[in-house]
Amino acid sequence: MKFIAREGGRELPVEVLRHGSGYRVRIGDRWMEADLVRAGAFVRSLRLEDGTQLSLIHHTSGNAHEITLGGTTVHVEIVDPLAARRRRREDEMSSGGAVNAPMPGRVVRVLVAQGETVRKGAGLLILEAMKMENEIQAPTDGVVEELFVAPGQTVEAGAELVRIA
Amino acid sequence: MKVLIANRGEIAVRVIRACRELGYPTVAVYSEPDRSALHVISADEAMPVGPAPSRESYLRIDRILDPAQKTGAGAIHPGYGFLAENAEFARACRDAGIVFIGHSPEPIDAMGSKTESRRRMQAAGVPVVPGLTEAVKSFDEIEAFAREAGFPIMIKASAGGGGKGLRFVERAEDLRSAFERVSSEAESFFSDGAVYAEKFITRPRHIEVQVVGDQHGNIVHVGERECTLQRRHQKVVEECPSPVVDAQLREQLGAMAVRAAAAVNYYSTGTIECLMGPDRQFYFLEMNTRLQVEHPVTELVWGVDLVKEQLRIAQGEKLSFRQEDLAPNGHAIECRVYAEDPARKFAPSPGLIRYIELPQGPGIRNDNGVYAGYTVPVFYDPMLSKLIAHGNSRDEAIARMRRALTEYRVEGIMTTIPFFTLIMNDPEFCAADFDTGFIDRLVAETDFTRAAAGEEQVDAAIAAAAILAFEESQNVQLPVDADSRWRTAARAEALR
């Protein structure tokens, strides 16, 4: 079965085939043999053909996989080739500059107005979480195109707060 | 005696443990988002106290007393924070015929006010930071004080706060302009031009002394703790004993602390906080009339159980030890593990804990408040647990802490564990050469970004993700953009 893996801004063709009790996996043009077993609620054990065993903490949300191994975390999206083409188009069309909530919380103050020019690092709004006020800063220079939140509003992690164009 | 614990998180679990050891049934209370929190699971019974915001749940005296009466709890332990130092709550318990596991309301009142506690301590012969107790009206008074106490001094607006309206003065020639600026800031910021002055303790250490007293007038001290390492005025690493306190100084500090506690007829556990200059002169800062977060380091070194002692004292029993029974043994260090991301300026990192592995082995204690599968809520303090290491020497305690930190794994949320590893490996920390500015300097010069994954790790992760995606596609035909199995199941359920 063929997929596209999106990782670190690149796209790699991936193929998975059953092979004995495990799998043969192609990443780009390299083939590897591996098997994967469930070792706990979020824990997986990946064994490579040379016997190397890797413990992975795995979490998935839709196609997005978050995998922690050896003290680092890898974010991979596994999509079917058709969906990958659609996603590419979407990425090209979006203007970027979305500022998302890094954590769930409550908007205490909004520091900018629509149409305002901001510099990279400027405070956009204050988000309160866990008894602390956190300033959300502009990731780039630009103009505040749209404000999606108002003071007092509760937001989930990842919610779009402001769009800077 | 059934005990209700008016708190949440690790401290509620800690109190439940003490109750169990004494054979007391326990009642946990919970706000709505806390219904599956560890303290609720740990207790014998659990009752709701309201919605998420603390002021509508854990801080509501009536909502705490109500389940106490319903469950027939004869006593309430407040933990720390929330209602622990609220004299009104202690009084309400007394009025309701419920034993408040703490002190009588009176010392709380007395120690709650900084000026009142300072006055009482001075009267009891406890050294306080030299300073003017009253606001001054003229420059001459400040000048006279500076001459007597010696520079550096701080000039502060009486009504000040939040870092506004204060000046640090090192030299006599800067005194007048500093006085004028603070006076005018005080006037414009706080509409009150009153200012006062205080001696500034250079490179201070924050030392606190544990005291325990019973209702029969017995008060002992249980040594000191080193609490100098702070971030945002919040302690992050504590030690017992302090590396700069020797037996002789410990006796002086202890005697001072016992005097201070006696001055307010204190019983239960309490802490006398002091500042200590490089000259080892110490000054009373404030008294905390509660169990401290960092009490485990004292427990490990001094071989006492402070929470069980509190439970006994509250029922009128005498202290189970005398001063001469107590002696320190070895060294203990505590790290407060927070759900914060060091790589993002310690921003809160609440969320689902997917995996947690608590360190174990020789000399390790976990006062833990979370579990795998638990979602750390956004509404409360981000402290998850406390990791405490005990050894024969400070070096052994540090080595054990370092080892324990490598065993400690939390996935799903970010924690301050990497930050503690950094501290435990810092030469200045290991040499016990630090002051209250240590953490700020360390944080400023450190990049906490996690190491980027190597090529082999990325390949392994992609392979695993692809295999999982493959298995998923073989097992169940899920919609391509399904966000969770739960939601998918719920949708399927709704269509039946």
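In which sense do strand 9 of chain B and strand 10 of chain B pair, and over how many bridges? In this predicted model, strand 9 of chain B and strand 10 (residues 219-231) of chain B pair in the antiparallel sense, and six bridges hold the pairing. One of the facing pairs consists of B:G213 and B:I219, the latter being the bridge partner in strand 10 of chain B. The two strands form a hairpin with five residues between them, and within the turn B:G217 has a positive phi of about 90°.

Is strand 9 of chain B enclosed by the rest of the structure or open, and why? Nine of the nine residues of strand 9 (residues 205-213) of chain B are buried, so the strand is largely enclosed by the rest of the structure. Both of its faces are covered, with B:R205, B:I207, B:V209, B:V211 and B:G213 buried on one side, and B:H206, B:E208, B:Q210 and B:V212 buried on the other.

In the loop between strand 8 (195-199) and strand 9 of chain B we find B:R203. This residue is partly exposed, because 13 other C-beta atoms lie within 10 Å, whereas a buried residue would need 20 or more. Leaving aside its neighbours within four places in sequence, B:R203 is in contact with B:P278 and B:D435. The C-alpha atoms of B:R203 and B:C430 are separated by 18 Å, and the two residues are 227 residues apart along the chain.

Another part of chain B holds an open sheet of five strands in the order 3-2-1-4-5, with parallel pairing. Its edge strands, each of which pairs on one side only, are strand 3 (45-50) and strand 5 (99-100) of chain B. Strand 1 (residues 3-5) of chain B runs parallel to strand 2 (residues 26-31) of chain B, and three bridges join them; B:L4 stands opposite B:V27 in strand 2 of chain B. Helix 1 of chain B lies across strand 1, strand 2 and strand 4 (75-77) of chain B, and runs at about 165° to strand 1 of chain B.

The largest nonpolar core has 111 residues, and those with the most contacts inside it are B:L4, B:I5, B:I76, B:A260, B:A332 and B:M401. Helix 1 (residues 9-22) of chain B gives the most to this core, contributing seven residues. Domain 1 (3-101) and domain 3 (205-444) of chain B both give residues to the core, so it lies between them. If we leave aside neighbours within four places in sequence, B:I76 is in contact with several residues, including B:L4, B:I64, B:C93 and B:F100. A second, separate core of 34 residues includes A:V16, A:Y23, A:V76 and B:A463.

Finally, we turn to where the chains touch. The contact takes 48 residues from chain A and 39 residues from chain B. On the side of chain A that touches chain B, strand 6 (residues 53-61) of chain A gives the most, with seven residues, and the residues of that side divide into 32 nonpolar, 13 polar and three charged.

Methods: Residues are numbered from 1 along each chain as its sequence is written. Chains are lettered from A and ligands numbered from 1 in the order in which they are written. This is a predicted model: local features need pLDDT of at least 70, side-chain atom pairs count only at pLDDT 80 or more; totals for chains, interfaces and linings use all residues. A nonpolar core is a set of buried Ala, Val, Leu, Ile, Met, Phe, Trp, Tyr and Cys residues joined through C-beta atoms within 7 Å. A residue is buried if 20 or more other C-beta atoms lie within 10 Å of its own, exposed if 12 or fewer, and partly exposed in between; C-beta atoms are placed from the backbone. Helices (H or I, at least four residues) and strands (E, at least two) are DSSP runs, numbered from the N terminus. Domain bounds come from an automatic or database domain assignment. Two residues are in contact if their C-beta atoms, placed from the backbone, lie within 7 Å. Ala, Val, Leu, Ile, Met, Phe, Trp, Tyr, Cys and Pro count as nonpolar, Asp, Glu, Lys and Arg as charged, and the others, Gly among them, as polar. Two strands pair if DSSP finds at least two bridges between them. Axes are lines fitted to C-alpha atoms, for helices over the stretch in contact, and angles run from 0 to 180 degrees between N-to-C directions.
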